[in-house]
Amino acid sequence: MKLGLRLGLNTPCVPAQRYVGIADEYGGAYAGYSVRKMRDDYTGNSIRVRIEGTTSEQDIGFDSGGNLDTQSLLSFCGSGTGLVTVIYDQIGNNNAVQYADSEQPMIVNSGSLVTIKNRPAIKFDGENDDFHNVFNVNNQTDVAFFSVSSVEDIPTTSSETQAIFGRAGIYLRYITNSGGSIEGSLRDKVSNNRFRRFANMSSETEPVHTISSIIHGDDSINVTFNGTTSSSLNTSITGLTNSPIFFGSRSSQKLDGHIQELLFYFTNKRDDYVNIEGNMNNYFNVH
């Protein structure tokens, strides 16, 4: 009887582990912007960066772990300051573009990466920086808009109000209400009624790092702030008013702070919003 070994037979094939982004886990998003990769099959970049004082620009993508490719970013900027000209939409085709040099927010400051809690962050200057007309809200009923952002100082007067995103009657912003709050607003297209909710942040230490959202579904609206949800307000929204969405401003309400991630749904995410915000917190370590 001959004895022998059969090598390499019936060896199990182990597939490569699939990357699971926040938009994979919680599907149906309309638009998404982030300093991390948001979905597995996205093959584009995170941001486009210009070196201040030059016309030199470069797209910056992700490393193998889905994080912003900070090595390529810092290599490109050298000792210079990197300004963001585009934040790419990782869901659709609604890229946030800023052509005006003086209105481009910062991602690298004189050769040093801008970060919050060791994660890259796009810094808006509170004076000029923003992105105009990124996409339009028009006639939707159920929405869920999420942000990971910061504000340097809690507003103490109405003139210090600062918007994370929005325009007209649809927005999420930092205001002075009750010693400092996140305010979310939606406006009905037919009645022109504005429905607002507030989440208090007056006890927070400045600068304030936030995960905040505005949720509308099942005929009610809520606003969230770092795991706390406002009381519900019953609504009668038949369709949202036509409104362009800006990032980092709402008219003169310029953000003096940072944006790390924005995620927009035109669907009811009331059953998922806690988990979506949990996913954001696990990555960005906000609270």
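Colleague: In this predicted model, in which loop is A168 found?
Modeller: A168 has a phi near 50°, a positive value in a residue other than glycine. Most residues other than glycine have a negative phi. As for its place in the chain, A168 is found in the loop between strand 13 and strand 14 (170–175).

Colleague: Is A168 buried, partly exposed or exposed?
Modeller: A residue counts as buried under 20% relative accessible area and as exposed over 50%, with partly exposed in between. The relative accessible area of A168 is 39%, so A168 is partly exposed.

Colleague: Which strands stand at the edges of the open sheet of six strands?
Modeller: The order of the strands in this open sheet is 11-21-13-14-15-16, and their pairing is antiparallel. A strand at the edge has a single partner strand, so one side of it is left without a neighbour in the sheet, and this holds for strand 11 (131–137) and strand 16 (194–200).

Colleague: Which residue in strand 21 stands opposite G166?
Modeller: Strand 13 (residues 162–167) and strand 21 (residues 243–247) run antiparallel and are joined by two bridges. In strand 21, the residue that stands opposite G166 is F246.

Colleague: What is omega for the peptide bond that joins E206 and P207?
Modeller: Most peptide bonds are trans. P207 lies in the loop between strand 16 and strand 17 (208–217), and the bond that joins E206 to P207 is cis, with an omega of about -10°.

Colleague: What is the phi of D219?
Modeller: D219 has its place in the loop between strand 17 and strand 18 (220–225). Although D219 is not a glycine, its phi is positive, at about 60°.

Methods:
Residues numbered from 1 in each chain as written. Predicted model: local features only at pLDDT ≥ 70, side-chain atom pairs only at ≥ 80, totals over all residues. Heavy atoms only, no water. Pairing = 2+ DSSP bridges. Helix = DSSP H or I, 4+ residues; strand = E, 2+ residues; numbered from the N terminus. Buried < 20%, exposed > 50% of the residue type's maximum accessible area, 1.4 Å probe, protein only.
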